[in-house]
Amino acid sequence: MSTRDDNRLREQIAVYGKSLFDRGLTMGSSGNISVRLDDGGWLMTPTNACLGRLDPARISRLDRDGRHLDGAKPTKESVLHMAMYGERPQSEAIVHLHSTHSVAVSCLPEVDPCDCIPPLTAYYVMRVGRLPLVPYHMPGDPALGDAVKGLAGKHSAVLLANHGPVVAGKSLEAAVYATEELEETAKLYLLLRGQNPRGLTDEQVAELEARFPRD
Ligand SMILES: O=C(O)[C@@H](O)C(=O)COP(=O)(O)O
Ligand SMILES: [Zn+2]
């Protein structure tokens with residue numbers, strides 16, 4: 001990875017982080033973002049950093065084994081991010097937020113742990129698909145990495161119980177779009193609770209998946 005590409009990715013992380021924060025999709029110093037580098041390492045947001053005020057020069061760089069090379073101390077979720085990348089060679093970026101409606105769904109006792117949000121809209125199916133629930137672990141617990149390993153091969157997005165979404169994409173832009181769509185669909189799901197909404201049928205979902213395959 002040339003320094004120029006590395007700098008471009010750092011700028012991108014800061015721009016998307018600010019956009020997400022400014023729209024209230026994560027608060028305080030919650031959330032973290034990573035991108036994969038060509039040398040097998042990663043750029044990750046620093047721990048305790050506000051996504052709205054990232055300094056590109058202080059973004060953490062890790063090598064392919066997860067060793068911290070430079071920048072500020074990386075997010076405490078570095079193991080979680082690396083576990084997800086390990087199962088998803090096609091993914092180039094991961095976004096984790098504490099987006100309110102997604103977190104709310106992650107706290108509901110009645111959600112199906114294999115698929116937390118029904119296929120309410122076509123765009124949700126195209127961007128997110130089936131969303132499994134990862135059992136609760138403390139933030140930063142390496143066990144979270146083990147817990148996503150069994151799921152991330154088949155799912156680009158998972159929902160951490162009582163915590164929030166973790167979404168991978170083939171680019172940072174794609175991961176951000178999918179995270180936004182997940183949050184909006186979580187909001188719809190909560191709005192429609194108790195109203196017996198009509199979701200898409202299995203046939204409609206299969207048709208969308210054939211026409212718009214997710215990475
Ligand atoms: O919920 C947590 O504590 C983390 O998952 C998080 O969102 C922010 O942690 P850092 O990235 O270590 O700041
Ligand atoms: Zn978190």
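User: What kind of model is it?
Analyst: It is a predicted model.

User: How many helices and strands are in the chain?
Analyst: There are 7 helices and 8 strands.

User: And what radius of gyration would a compact globule of 215 residues have, against the chain's own value?
Analyst: A compact globule with 215 residues would come out near 17 Å. The chain has 17 Å, so the two agree. The C-alpha trace spans about 50 × 35 × 30 Å along its principal axes.

User: What share of the residues is buried?
Analyst: 41% of the 215 residues count as buried. On contacts, take those with a separation of 6 or more: 66% of them join residues 24 or more positions apart.

User: What does UniProt annotate at residues 11–190?
Analyst: The unreviewed UniProt entry places the feature "domain: Class II aldolase/adducin N-terminal" there. Over residues 11–190 the chain is 36% helix and 17% strand. The end C-alpha atoms of that stretch are 35 Å apart.

User: Now the sheet. What is the strand order?
Analyst: The order is E4-E3-E2-E1-E5-E8-E7-E6. The sheet is open, has 8 strands and shows mixed pairing.

User: Which strands stand at the edges?
Analyst: E4 (68–70) and E6 (133–134). Each has a single partner strand, so one side of each is left without a neighbour in the sheet.

User: Take me through E5. Which strands does it pair with?
Analyst: E1 (residues 32–36) is joined to E5 by 4 bridges, running antiparallel. E5 also pairs with E8 (residues 164–169), again antiparallel over 4 bridges.

User: Are the E5 side chains buried or exposed?
Analyst: Buried, all of them. Ala93 and Val95 point one way from the strand, and Ile94 and His96 point the other way.

User: Which E7 residues sit on each side?
Analyst: Ala157 and Leu159 are on one side, Val158 and Leu160 on the other. All are buried, so both faces of E7 are covered.

User: Let's switch to helices. Which residues of H2 are buried?
Analyst: In H2 (residues 78–87) they are Ser78, Leu80, His81, Ala83, Met84 and Tyr85.

User: What do they pack against?
Analyst: The buried residues of H2 pack against strands E1, E2, E3, E5 and E8, plus helix H5 (142–152).

User: Next, the ligand. Which residues surround ligand 1?
Analyst: The shell is Ser29, Ser30, Gly31, Asn32, Thr47, Asn48, Thr75, Lys76, Glu77, His96, His98 and Pro139. By class that is 1 nonpolar, 9 polar and 2 charged residues. His96 in this shell is also one of the buried residues of E5.

User: Which other residue has a positive phi?
Analyst: Asparagine 162 has a phi near 55° and is not a glycine. Asparagine 162 sits in the loop between E7 and E8. It is exposed, with 12 C-beta neighbours inside 10 Å.

User: Last one. Where is arginine 53?
Analyst: Arginine 53 lies in the loop between E2 (42–44) and E3 (60–62). With 11 other C-beta atoms within 10 Å, arginine 53 is exposed.

User: How far is arginine 53 from proline 135?
Analyst: They are 31 Å apart in space, C-alpha to C-alpha. In sequence they are 82 residues apart.

Note on methods: Residues numbered from 1 in each chain as written. Chains lettered and ligands numbered in written order. Predicted model: local features only at pLDDT ≥ 70, side-chain atom pairs only at ≥ 80, totals over all residues. UniProt positions renumbered as here; feature names shortened; annotations may be inferred. Helix = DSSP H or I, 4+ residues; strand = E, 2+ residues; numbered from the N terminus. Buried ≥ 20, exposed ≤ 12 C-beta atoms within 10 Å, placed from the backbone. Pairing = 2+ DSSP bridges. Rg over C-alpha atoms; globule rule 2.2 N^0.38 Å. Contact = placed C-beta atoms within 7 Å. Near = placed C-beta within 6 Å. Nonpolar A, V, L, I, M, F, W, Y, C, P; charged D, E, K, R; others polar.
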